[in-house]
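Please open the model in your viewer and keep the sequence beside it. The tour moves from the whole chain to one pair of elements and then to a single residue.

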Amino acid sequence: MGGGMYAGRALAATALALLLSACATPDGAFPSLARRDAERVAGTINPPVVTPIAPSPEAADPALAARLDQIEARARAGHARFQSRESRARRLVSAARGAAVASESWSVATVAVAELEAARSQVMIALADLDALYTAKRVAGEAAAPIALVRERVTALVMQEDAVLADLGNTLRN
């Protein structure tokens, strides 16, 4: 068993010596590592011409249009309610500025801000309804551009209301 192991090593060493000697030339010159003509890429490639597909006009869905009008009307009504309560809330919050927490003026101002938040929630419910419609259309693989347009308008209302509430909250805390 010991002799077989030495014979295997001797065979491997001989094979390695033969392989290494094949790389050397008698004069010591080694083959060039430069690219050969056959290895060079020749020719040109033209990218495929892609013609953009114009979006097809969406067929007006009267039921969807009516639903969107109804949701946007609810959002606008909620926003109008918010705006009608805003000046009173600003006046009460301004009067409570610097008042102690849980004082009468602070409590009244806090209730006025809560009324604004309740009006804002009506706009948020409309926005949630739009999100649900949009998601359903997209999951079904249908276009949802009309929904997205109404959603942008309702989101703008929410952002206005958020700015008012943030301003009133900062005033109450200071």
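Helices (H or I, at least four residues) and strands (E, at least two) are DSSP runs, numbered from the N terminus. This is a predicted model, in which local features need pLDDT of at least 70, side-chain atom pairs count only at pLDDT 80 or more, and totals for chains, interfaces and linings use all residues. Residues are numbered from 1 along each chain as its sequence is written, and side-chain values use heavy atoms, with hydrogens and water left out.

First, display the whole protein as a cartoon. The order of its elements from the N terminus is α-α-α-α, with four helices and zero strands.

Next, select residues 62–95, helix α2, together with residues 145–173, helix α4. Two packed helices are described by the angle between their axes and the distance between the axes. Here the angle is about 15° and the axes lie 10 Å apart; α2 is therefore roughly parallel to α4 (an angle under 35 degrees). Which residue classes make up the contact of α2 with α4? The contact (heavy atoms within 4.5 Å) has 15 nonpolar, four polar and seven charged residues.

Finally, select E86 in helix α2. Is E86 buried or exposed? E86 is buried, because its relative accessible area is 18%. Beyond its neighbours within four places in sequence, E86 is in contact with L116 and V164.

Key. Axes fitted to C-alpha atoms, helices over the stretch in contact; angles between N-to-C directions. Parallel < 35°, antiparallel > 145°, perpendicular 65-115°, else oblique. Nonpolar A, V, L, I, M, F, W, Y, C, P; charged D, E, K, R; others polar. Buried < 20%, exposed > 50% of the residue type's maximum accessible area, 1.4 Å probe, protein only.
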